Amino acid sequence: LLRFTLLLISVALVAPARADSSADGHLRAGARYFRDGRFAEALVEFKAAERRGAPGARWYGSAALVKLGRFEEAIEGFASAERSDPAMGDAFLGYYRALALHEARLYLSADRVFAEVGENAGPRISELVREVRGRIAARLEREPAPSSIDWYHRRAADAAAVGRYRLAEALLGEAVALAERRGDGYRRDEAAATLARLSHAGTIR
Amino acid sequence: VSAPLLLLLLAAAADPCAPVERTGGGPGDPEAYLAIGAEELAAGSLHTAAFAFREALRRSPDDPRAVAGLSLACGRTTPEALIAQATHLVEASDCRGALAMIAAARALRPDPASSLLEAVCHVRVGADERAEPLLREALADEEAAAAARLLLGLVARRSSDDRAAREWLREAAASADPRVASAARRLLPAAGPDERILVSLYSGATWDSNALLAPDGVALPEGRPDGAGAGAVTLVARPFGRSGPFVRAGVDHRRHARFSPYDILGWSAAGGWTVQRRRDSVLLEYAHRSLAMGGAPYLDGDAVSARGDREVGPVWLTGRYDWRQDRYAPEYARRFSGDRHALDLRVVLAGPRRWVSAGYRGERALAGGALSYVEHGPAVQVGVMGSRGGRLWLEGVFSSRSYDERDPDLDRRLTQDGFEARAGAEVVLWGGLAAHASGGAALVTANAGQLSHRKLTASLGVSWGTAWP
C-alpha cells in the first residue's frame with residue numbers, strides 16, 4: 001500500500017493535529033507541511049522524526065528533498081533509507097526516488113525504478129511514469145558516448161573525495177549500466193571495481 | 001480579518017525570517033532542531049536551516065545558538081561577523097555565548113581559525129577531549145598553528161602525557177609569535193624535563209609458596225615456601241633524551257631465607273635505540289645478562305627485543321618480540337640451554353585515569369631433547385591511575401604449553417595449562433620514592449600429575465629514582 005499517501009490522508013483526517021513532540025508527532029507535522037507544499041518545513045520535521053527513530057522518516061525526508069530540488073542529497077537519502085529501513089518504501093516514494101535519479105541525470109537507474117513503480121502509484125502518476133520513461137528511451141536510443149560515461153566517473157570521484165559514497169555508488173552504477181550498452185564496454189570493469197570498493201566504504205559508514 | 005492582513009499573516013507563516021512569536025516555547029526538543037539547523041547550514045540550505053533554528057527558538061526563546069543560527073541563515077549576519085563577536089565574548093569569558101556563535105559560523109563555513117577559538121572555550125571549561133580534535137584542525141592554518149600547538153601542549157600536560165606535552169610545547173616555544181613562544185617556555189618545565197641520565201634503586205622482599213621451579217618453569221619436587229630479599233640498581237644513559245640511542249646497566253641480587261644455595265647475583269648491560277613520537281614509539285635493544293647462583297656461575301644470556309606501539313583511533317596497539325639465548329653453566333641445568341622466541345601483541349584502551357588491555361602471547365623454546373616447547377595464551381589487564389601518579393592493576397594470564405617430544409622420565413609428551421592472576425599497586429610516597437606491592441596466584445595442571453602445582457607469590461618493595469639534568 002502507499003504508506004506515504006496513507007500518512008497524508010491520516011493528517012487530513014486529524015488536522016489540525018495537536019502539537020506533539022513524539023516521533024509520530026514530527027512525522028505528522030512533516031506530512032502536514034508536505035501536503036501544504038511547505039517542503040523546507042516538512043524536511044525539518046521529517047529530520048526531527050528521524051532523530052527520534054520514526055520508521056520511514058528518512059524515506060519521507062528524501063521525498064521532501066526532491067521537492068526542494070536537492071536531487072543528489074535525495075538520492076543519498078533514499079539509498080540510506082533502503083538499507084536501514086527497506087520495508088518502508090512504497091510505489092509513491094519510489095516515484096520520488098526515480099524523479100531524483102532522473103533529475104541527477106542517472107537515467108538508466110531512474111528508468112529501472114520507474115519500471116518498478118509501474119502502475120502501482122495510481123493512474124495519474126502511472127501516466128507521468130510512462131511519459132518520462134518514453135523520454136528516457138528516446139534519450140538512450142543511441143549508444144552512449146565515451147565522454148558521457150567519463151562524466152559519471154568524474155562526478156563519482158568528486159563525490160567520493162568528499163565522503164559522499166552513496167552518491168558515488170549511484171553514479172558508478174549508472175556508468176556500469178551505460179558501459180554495458182556499448183559494444184566495447186567502455187570503462188565498465190574500472191567502474192565495477194571502484195563500485196565494489198566504494199560499496200564496502202559506504203557500508204561501513 | 002481583512003484580506004491584506006490575512007495575506008500578510010500567511011506570508012509570515014511561510015517566511016522563516018519573520019519575527020518569532022514568543023509563545024513561551026513549544027513541544028519538542030530544541031537540540032534536535034539546532035542540530036538540523038547546523039546540518040542544513042553546512043549543506044548550504046539557508047532557507048531550511050532558518051526553519052529549523054526558528055523551531056528551536058520557539059522551544060527555547062533565548063537560546064543564543066538558535067539566535068545566532070537564525071541570524072546567519074536569514075543573512076542578518078555573516079560567519080566573519082559572528083566569529084568577531086565570539087572573540088569578544090571569549091575575551092569577556094562568556095564561552096557559552098561564544099560557542100553558540102562559533103557553532104553557527106562553523107556550520108556554514110568551517111575554517112581553522114574558528115576551530116581554534118572554539119577549542120579555547122572548551123579548554124577553558126575543561127572539556128579537553130572536545131578541544132583536541134579542533135586544535136588538530138587548527139594546525140592546518142599557518143596563523144592559528146602556533147597557538148594550537150601551545151594549547152595541545154597544555155591539554156597533553158593536563159592528561160599527564162608528558163611526552164606529547166613536551167613535544168607540542170617545544171614546537172610552540174620555537175614559534176615566531178613572541179606571546180605564544182613565551183607562554184610555551186613558561187609551561188615547558190612543568191611538562192617534565194627530558195632526562196639524559198636515570199638511576200633507580202629497588203629494595204624489597206618476596207614470598208613464594210613454591211619457591212623452586214626449573215629454569216623452564218616446571219615445578220621441582222623440592223619446591224617449598226620461602227621468602228627472599230631482593231635489591232637492584234639500574235643506570236640508564238640516553239645522550240639525546242627519550243628519543244635516540246641509550247645504554248643501560250644493572251645489578252640485581254636475591255637472597256633466600258631458606259634456600260640459600262639458590263641466592264642470585266646478576267648483572268646486565270644493554271644498548272639500543274628508541275624513537276618516541278606523539279602517536280607511536282619503537283624500541284630496539286640488545287642485552288647481555290649474567291647470573292651467579294650460590295656463588296657459582298649459573299647463566300649467561302643474550303637477548304634482542306623489539307617493541308612498538310601506535311595509537312589507532314581510541315586504542316593503542318602494542319607489540320613486542322623477544323629473542324633470548326640462555327646458556328646454563330651447571331651440568332644439571334645445561335639441557336635447558338637454548339633459544340627462546342616470544343611475541344606479545346596487545347590492544348590497550350586507555351583513558352586519563354584507567355586502562356584496559358587485552359592481548360595474546362606466544363613463546364617458542366628451542367632447548368635440547370624433550371625440553372623444546374610452544375606456549376601461548378591470552379592476557380587481560382585492567383588498571384586505574386591515582387591523581388598523584390599511583391596506580392592499581394589486575395591481570396589474568398592463561399597459558400597452554402606443549403612440549404615437542406616425549407619426556408623419557410615421564411614416558412609421555414608433557415603438556416601444561418596454567419592460569420595466573422596477579423594484582424599490583426604503586427604509591428608515590430615523595431619525589432622519586434615509591435612503594436610497590438603485588439601478589440599473584442597461579443594454578444598449573446599437567447598431564448603428569450606430579451608436575452601440577454599451585455603457587456602463591458607476594459612482594460613488597462620500595463623504589464627510588466632520580467634523573468639528570
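This is a predicted model: local features need pLDDT of at least 70, side-chain atom pairs count only at pLDDT 80 or more; totals for chains, interfaces and linings use all residues.
A polar contact is a pair of N or O atoms within 3.5 Å; inside protein, one of the two must be able to donate a hydrogen and the other to accept it.

**Where the chains meet**

By that rule, eight residue pairs make polar contact across the interface of chain A and chain B, with both partners at pLDDT 80 or more.

How many residues take part? In chain A, 18 residues are in contact with 18 residues of chain B. The size of an interface is often given as the accessible area lost when the parts come together. Here, the area buried between chain A and chain B is about 1,300 Å², and carbon and sulfur atoms give 61% of it. Within chain A, Val44(A), Lys47(A) and Arg51(A) lose the most area to chain B, together 37% of what that side buries.

Then there are the salt bridges. The whole structure holds 50 of them over all chains. One pair crosses between chains, running from Glu39(B) in helix H2 of chain B to Arg51(A) in helix H3 of chain A. Those two side chains meet at 2.6 Å, N to O.

| Salt bridges counted | Number |
|---|---|
| Over all chains | 50 salt bridges |
| Between chain A and chain B | four salt bridges |

Which helices supply the lining? At least two residues each come from H3, helix H4 (57-67), helix H5 (71-84) and helix H10 (165-179) of chain A, and from helix H2 (30-42) of chain B. The lining residues split into six nonpolar, six polar and eleven charged.

Terms used:
Residues are numbered from 1 along each chain as its sequence is written. Chains are lettered from A and ligands numbered from 1 in the order in which they are written. Side-chain values use heavy atoms; hydrogens and water are left out. Contact means heavy atoms within 4.5 Å. Buried area is the accessible area (1.4 Å probe) that two parts lose on being put together, summed over both. A polar contact is a pair of N or O atoms within 3.5 Å; within protein, one must be able to donate a hydrogen and the other to accept it, and residues adjacent in sequence count only if both atoms are side-chain atoms. Helices (H or I, at least four residues) and strands (E, at least two) are DSSP runs, numbered from the N terminus. Ala, Val, Leu, Ile, Met, Phe, Trp, Tyr, Cys and Pro count as nonpolar, Asp, Glu, Lys and Arg as charged, and the others, Gly among them, as polar.
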